[in-house]
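Please look over the sequence and the structure shown here before reading on; the paragraphs below take up a metal site and then a pocket.

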Amino acid sequence: MTPTPGPDPGRDAAGAGGRGLLPWSRALPDGRGGTGAVLAHTTRAGGGWSPSPAPGAPAVGPYDGLDLALHVGDDPVAVRAARRALAADLAPRGVREVQHLQQVHGADVAVLRAERLRTAGRGDLPAVDAAVTDVPGLALVVLVADCVPVLLADAGAGVVGVAHAGRRGAVAGTALRALEAMRDLGARDVVAVLGPSICGRCYEVPPGLRDEVAAVSPVAATTTWDGRPAVDVAALVLEQLSGAGARVEQLPGCTAERADLWSYRRDGAASGRLAGLAWVPA
Ligand SMILES: [Zn+2]
C-alpha cells in the first residue's frame with residue numbers, strides 16, 4: 001500500500017527547519033528571540049526514508065519503514081540503523097543525545113537532570129512511561145502504535161517531557177504526572193501535543209472495560225461506527241491535561257485507519273512503532 005502523507009504534512013516544518021525523518025515538528029519560541037523547545041513526530045513513512053528490504057524479502061514487510069522499536073520483533077540491525085539516521089537528522093537541530101524510554105504501561109516519571117545523567121549510567125534509567133528534563137540537547141523519545149504519545153514543553157522555562165498513554169496509562173494519569181514533574185522543574189506555561197493514536201471509533205473494547213474508563217471520565221466512553229463499546233483514550237488525556245492548565249492540541253490521524261502510521265490493533269504484534277520527541281535545543 002502506498003503510504004499517504006504524514007500527519008498534517010509540512011505543517012510548521014518550515015519554521016522548525018523540518019528535516020527528512022520528522023514530517024511534523026514545531027519549534028517553540030523561548031520569548032527571548034530563540035527556540036526554547038522543539039516537539040516532533042515521525043510516521044511509518046519516515047519522511048521518505050526507509051531501509052532496503054533484505055534480498056528475497058517481500059517488497060513491503062510488516063516492519064518496512066521507519067521503525068524505531070527494539071522490542072517488537074523487528075531486525076535489531078535495521079532498527080539501530082533507523083535510530084542512527086534519526087539521531088543524525090536531529091543533530092543539526094540542537095540534539096546531542098537521544099533517550100528512548102523503556103515503557104511498561106505504568107505511571108512513573110523519570111526526571112532526567114544533568115546531575116543524574118552524570119552519575120547514573122544511561123542503561124540504568126528505570127522502566128517508565130514518561131520522562132521530563134531541563135537538560136539542553138537531550139531529546140526524549142516515546143514510542144507508540146495506537147497509544148497516545150504526549151509531547152510537553154514550556155519553551156520559556158526550557159523544560160520538556162514525553163509520556164506514553166495507553167488506556168491503562170491514561171486511567172493512571174501518566175501524562176498528568178509528567179506535567180506535575182515538569183512544574184517541579186519550573187515549568188508554568190505548558191504546551192501539550194497529542195500525537196496520532198487510535199481513535200475512539202476504532203478502539204473497540206469489552207463493555208466492562210469501557211465502564212471502567214467511563215468511571216474515570218465519561219468523555220472517554222464512546223462507540224465504534226457500528227455501535228459497539230469503545231474507548232477514546234486521547235479524549236481522556238486531553239481532558240486531563242487541559243483540566244490541569246496545559247494548552248492541549250491533538251494532531252490529526254488515526255493510527256488504525258492510516259497506512260502511514262503503525263497500528264498494533266490493525267497489524268498485530270508484527271508492527272513497528274512511531275516516535276514522538278521533545279527536546280530543548282543545546
Ligand atoms: Zn480510527
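Predicted model: local features only at pLDDT ≥ 70, side-chain atom pairs only at ≥ 80, totals over all residues.

**The zinc site and the largest pocket**

Along the chain, the donors of the zinc ion are spaced as C-x2-C-x51-C-x2-E, donors being N, O and S atoms within 2.8 Å of the metal (3.2 Å for Na, K and Ca), with water not among the atoms, so that sites may look incomplete. Residues are numbered from 1 along each chain as its sequence is written, and side-chain values use heavy atoms, with hydrogens and water left out.

The zinc ion is coordinated by C199 (SG), C202 (SG), C254 (SG) and E257 (OE), at 1.9 to 2.3 Å. The angles among these four donor atoms are 102 to 114°, and the site is tetrahedral (for four donors, all angles between 85 and 135 degrees).

The largest pocket has a volume of about 770 Å³, the space filled by probe spheres set on grid points that are joined across faces, edges and corners. A pocket is here an open set of points, on a 1 Å grid over the protein atoms alone, where a 1.4 Å probe fits, with protein on both sides within 12 Å along at least five of seven lines, and lining residues have an atom within 4 Å of a point. Of the 33 residues that line the largest pocket, Q103, H105, L143, C147 and H164 are the closest to its centre.

Key
Tetrahedral: all angles 85-135°; square planar, octahedral: opposite > 155°, others 65-115°.
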